[in-house]
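Here is a short note to read beside the structure. Keep the model open and follow the points in turn.

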Amino acid sequence: MAEPIVIAVPKGRILGEALPLLAAAGVVPEAAFGDPDSRALRFATQDPGIELIRVRAFDVATFVAHGAAQLGIVGSDVLAEFDYAELYAPVDLDIGHCRLSVAEPAALAAHDDPRGWSHVRVATKYPHVTAGYFARRGVQAECIKLNGAMELAPTLGLATRIVDLVSSGRTLRDNGLVEVEEIMPVSARLIVNRAAMKTRAHVFPLVEAFRAAVGARAA
């Protein structure tokens, strides 16, 4: 029997929006997938030829790029940060909308002009995207890598500014920060391992099923 197709899905906010699309594409996970007390990371689906793994959003791209999973769902922010040549992103799933932005303390923003920046010290989990963005503007960026709690960096003197995902902006406001520049809009994408696309017969039909599901949702 052929090895099942493995789809990597992210823990967190995107997953809730992704589940209806998965179902519309014919991928319905076993009941344990929805059990909040379950510590399992690998799940069967109603199709014995398809399995799901649930991992951190930043790890989805790595699992798919290295062939441990054949498909995945991940934000375009992650794709931009890692830029794996082994990945193909054929479908914008039109979910998980937010933006990657620069933020700073409100008191600083009141008299700050981003056009005058020449050097910035930034806390972020996107050092590659951040450095590239500022380099294109002729600004030298010193990036401090954090995996969370970004909003604490300015208040504790770790960095003057942060680069992070912004949706409603409430987290920024609650921590005395304001959004001053948008780096890129973000949405979730279906990603595919390029080698699997060529060698695994069931991958292409799955991609088309997701494409159809997105189209039906938009109609």
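1. First, a term. Helices and strands here are DSSP runs, numbered from the N terminus. The model is a predicted one.

2. Start with helix 5, residues 127-136. Which of its residues are buried? They are V129, T130, Y133 and F134. Down the helix axis, these buried residues fall within an arc of 120°, so they line one face of helix 5. An α-helix has 3.6 residues a turn, so residues three or four places apart point the same way. The face turned away from the buried side carries A135 and R136, which are exposed.

3. The buried residues of helix 5 pack against helix 3, strand 6 (98-105), strand 7 (119-124), strand 8 (140-145), strand 9 (161-166) and strand 10 (177-186). Just after helix 5 comes G138, with a positive phi of about 75°.

4. Helix 2 (residues 57-65) can be read the same way. Its buried residues are F58, V60, A61, V64 and A65. Helix 2 is followed by G67, whose phi is positive, near 85°.

5. Six strands form an open sheet with mixed pairing, in the order 2-3-1-4-11-5. Strand 2 (42-44) and strand 5 stand at the edges with a single partner strand each, so one side of each has no neighbour in the sheet. On average, neighbouring strands are turned by 30° against each other, direction ignored.

6. Zoom in on one pair. Strand 4 and strand 11 run antiparallel and are joined by five bridges. V74 has R189 in strand 11 as its bridge partner. Helix 9 (residues 203-218) lies across both of these strands, and also across strand 1, strand 3 and strand 5. Helix 9 runs at about 30° to strand 5.

7. Last, the cores. The largest nonpolar core has 30 residues. Those with the most contacts inside it are L87, L100, V102, F134, I183 and I191. Which element gives the most to this core? Helix 2 does, with five residues. A second, separate core has 29 residues, among them A25, L71, A188 and A196.

8. Return to F134 of helix 5, one of the buried residues there. Its contacts beyond four places in sequence are V102, W117, V120, V122, V139, A141 and E181.

Terms used
Residues numbered from 1 in each chain as written. Predicted model: local features only at pLDDT ≥ 70, side-chain atom pairs only at ≥ 80, totals over all residues. Heavy atoms only, no water. Buried < 20%, exposed > 50% of the residue type's maximum accessible area, 1.4 Å probe, protein only. Helix = DSSP H or I, 4+ residues; strand = E, 2+ residues; numbered from the N terminus. Pairing = 2+ DSSP bridges. Axes fitted to C-alpha atoms, helices over the stretch in contact; angles between N-to-C directions. Contact = heavy atoms within 4.5 Å. Arc of directions from axis to C-beta. Core = buried A, V, L, I, M, F, W, Y, C linked by side-chain atoms within 4.5 Å.
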